[in-house]
Amino acid sequence: MVKIEIDTYSGFCFGVTAAIKKAEEELTRGKALYCLGDIVHNTMECERLCKMGLVGINHEDLKSLQRVKVLLRAHGEPPSTYVTAKENSLEIIDATCPVVLRLQRRIKRNCELFPEAQVVIYGKPGHAEVLGLVGQTEGRAIVVADLEKVKSLDFSKDICLYSQTTQTLDEYRRIIDYIKEHISSSATFRSFDTICRQISSRMPNIRSFALRHDLILFVSDVKSSNGRILFDECREVNKNSYLVEGPSQIESSWLKGIKTVGICGATSTPKWLMEKCRDRVIELLG
């Protein structure tokens, strides 16, 4: 008999959980609720909430709305969003993750304390959280996606370094070490520990989980950058790992000769979706 295990550490982080709970509470009241961007990087969860009445909008849509409720997701928003909301008499349901909110405040405060320093953010260019962080600096922050991009910084000037909360801790440490080695003796380097430990701790957990099973089904939307990072961790230790967006993508051929199946996912993957994948595996096993 094939053993199937769903990773207890996988699924929504507390920031996403809180945002979805706020959305559900508002939707049960029966009034219109708009969400600025996808509430979570998972198409199936967004579709579920859409059926409940949640309406997704972008920043251009926001400018034309008047006197309605708008949910701000866990990723956070730049100050300009709050200005637009005030001008348009919008009621903001702010679900910004507390970890992201603390980071935003720290960046804004340090920009005022160290106005001449280069503000550097290690993160994914264009990511919602990163856009919100850059907004705290009035657009002057430099976003670096990897160590190669760090090499283009001006090491003769002071540097204040931060990280998107969902980036990998190991890579962030490598970037810190590189800057320390190359910064001018006349310049000051300050780095700030801004990676969410609830997320970074999933790296070792998911590696040990992947090692325990013959087959790994990693459930994640392709839009999730966190999902791609965690899936790569699985693949590194277990080559028999597959990324699926939902149960329909699971192939029966993967299950031949398998004794244990591990099902895990990103911080944007709902538990119910992993459970549906488990049910599909049981169905395929007959």
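Strands here are DSSP runs of E with at least two residues, helices are runs of H or I with at least four, and both are numbered from the N terminus. Two strands count as paired if DSSP finds at least two bridges between them. Within this pair, phenylalanine 218 has leucine 243 in β11 as its bridge partner.

A quick word on the source: this is a predicted model, in which local features need pLDDT of at least 70, side-chain atom pairs count only at pLDDT 80 or more, and totals for chains, interfaces and linings use all residues. Residues are numbered from 1 along each chain as its sequence is written, and side-chain values use heavy atoms, leaving out hydrogens and water.

Now step back to the sheet. It is open, with four strands in the order β1-β12-β10-β11 and parallel pairing. β1 (3-6) and β11 sit at the edges, each pairing on one side only. From one strand to the next, the twist averages 20°.

Helix α10 packs on this sheet, touching β1, β10 and β12, and its direction makes about 160° with that of β12. Helix α11 packs there too, touching β10, β11 and β12, at about 160° to the direction of β11. Contact means heavy atoms within 4.5 Å; angles run from 0 to 180 degrees between N-to-C directions, with axes fitted to C-alpha atoms, for helices over the stretch in contact.
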